[in-house]
Amino acid sequence: MKRLTYILLAATLAALLLAACAPAGEGKVSGVPEECKADGSCAVIKPGQTIKIGMGAPMTGDNAAFGQDISQAAKIAVQDAGEFNGFVFELIAEDDGGTPEGGAAVANKLVADPTVVAIAGHIFSGATLSAMPIYEAANIPMMSPSATVPDLTKKGSPVFNRCVFTDAAQGKFAAEYLYNTLKITKLAIVHDGQAYGQGLATVVQDIFTSLGGTVVSFNAVTPGESDYSAVLADIASKKPQALYFGGYTSEGVVIVNQMKQSGLEGVIFFGDDGTFGQDFLDRTGANGEGAYSTSLIPPASDARTAFDAAYLENYGQPAGKLSPYSWTAYDSAAVLIKVIKDVALYSSDGNLYIPRAELVAAVRAVKDYQGLSGTITCDEIGECSASGPVFNVVKDGKWVEAPK
C-alpha cells in the first residue's frame, strides 16, 4: 500500500511537471506563468471572458461598405475558430470613420481593454498610420487586410503587418495595364489628397511616364464634396484617353457621374481597389459602364468555396460585393487566431494567459500559413501578402474580370 502511494505521488508530480513544461496551447501550466509575472506582460483572459480581436474600420458614412464587408468576413473567421480550452474569440469592430483622427481614437479605446490581444486592421491607411504607435506602445500586433500605402511597413514598427498587396505593386500593375494592354498614351490622374489615394496616384504617374506615356494632368480633389465638374472640365481640355483615380468610392462615383457633362465622354475611368464593390455600381448606374477597378479576388479553392458559401448564408449577399477585401479580411483574423492559439498558456487557475511580446514576435514570424488569398508568409518588415491585384471592368452593370 505504501509502495502504491509513492507510485501515485510520483505520477502526480510527473503530471504537474509535464503540465508546467507543456508547449503553448497544448496543456495546462501551473499558476501564473513566469513570462506573465511582470505587469502588463500578458493578456489575462478569465473564465467567462472572450479573447478579443479589435478592428478599426469605417462603419458609417460614405465608405461604410468597406467596414461592413471586412468586419463581416472577419466574424466568419471567428466563428470558424470555435472553442479554445473553454474560451471563444470575439471581434470588436469600432467605427474609426476611415480617418487619422478616428484611427487614433479607436486605438486608444481598444488598448484600454486588457482582453484585446490583436488587431485585424485598421482598414484605411491614414487611420492605420495614426493608430500604429498606440498599439506599439501596448504590444498589440496588427494584421491589416487593406491598408496598402507602401510606407506603412517602412516605419520600423514591430507590430504592424498586412496581408494585402502594397500600392507600389498595385500602381505598377495599373500603369502597365493602361499603357500595354489598353494602349493608353495620354493619361489624366486625379487623387483625393489622402495618404492612400495620393500615394497610389504618384506611383501610377511615375511608372506610366517611365513606360513612355504622357500624364496630361495630375489633380487633387477635396474629399467629401459633391461637385468636381470644374476640375473635370479643366482635365477635358487636355484631351486624355483615360482618367486614373486614386481614392475611395465616395469621391470616385462623383467623378464618374460628372465625366460626361464635363466633356470627358468616352474617356476611360480607371479606379483602384478603393472603388471596387457593389456600392460603386449602385451609385454610378449606367455612367459606370466600362469603368475599371482593382480587386483581390483569390483563385478558386475548397476553402474559398466554403467561405463564399458561409458569407452568403450569413449575410445574404456574395463575398466581394461590398468591397474587394472579403477574403483578406478573413485571412487577417484567421492568421491572428492561429498565432494566438500557438502562444497562449492555459493555466490550472482557470485563466488563459497570452504573452504580448511573444505574440508580436510570432505574428511577424508567420510562415506558410494557408489562407484564402494564398500562402501567407511575413517578411522582416511585416509584408505578408499572398496575392497580386486583379483588374475588373463594369459590363452590363456587373464587375467582370478585365481581359489580360
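User: Which residues are buried in helix 12?

Analyst: Arg356, Leu359, Val360, Val363 and Arg364 of helix 12 (residues 356–364) are buried, meaning under 20% relative accessible area with a 1.4 Å probe, protein chains only. Seen down the axis of helix 12, these buried residues fall within an arc of 135 degrees, so they line one face of the helix. The arc is that of the directions from the helix axis to the C-beta atoms. This is a predicted model, where local features need pLDDT of at least 70, side-chain atom pairs count only at pLDDT 80 or more, and totals for chains, interfaces and linings use all residues. Residues are numbered from 1 along each chain as its sequence is written, and side-chain values use heavy atoms, leaving out hydrogens and water.

User: What covers the buried residues of helix 12?

Analyst: The cover includes strand 2 (42–45), strand 6 (116–119), helix 4 (125–138), helix 11 (326–343) and strand 13 (352–355). Contact means heavy atoms within 4.5 Å. Helices (H or I, at least four residues) and strands (E, at least two) are DSSP runs, numbered from the N terminus.

User: Switching to strand 3. How many of its residues are buried?

Analyst: Seven of the seven (residues 51–57), so strand 3 is largely enclosed by the rest of the structure. Ile51, Ile53, Met55 and Ala57 point one way, and Lys52, Gly54 and Gly56 the other way.

User: How many bridges join strand 3 to strand 5?

Analyst: Seven, and the two strands run parallel; pairing takes at least two DSSP bridges between strands. Isoleucine 51 stands opposite phenylalanine 89 in strand 5.

User: And which residue in strand 6 is the bridge partner of lysine 52?

Analyst: Valine 116. Strand 3 and strand 6 also pair in the parallel sense, over three bridges.

Notes
Buried < 20%, exposed > 50% of the residue type's maximum accessible area, 1.4 Å probe, protein only.
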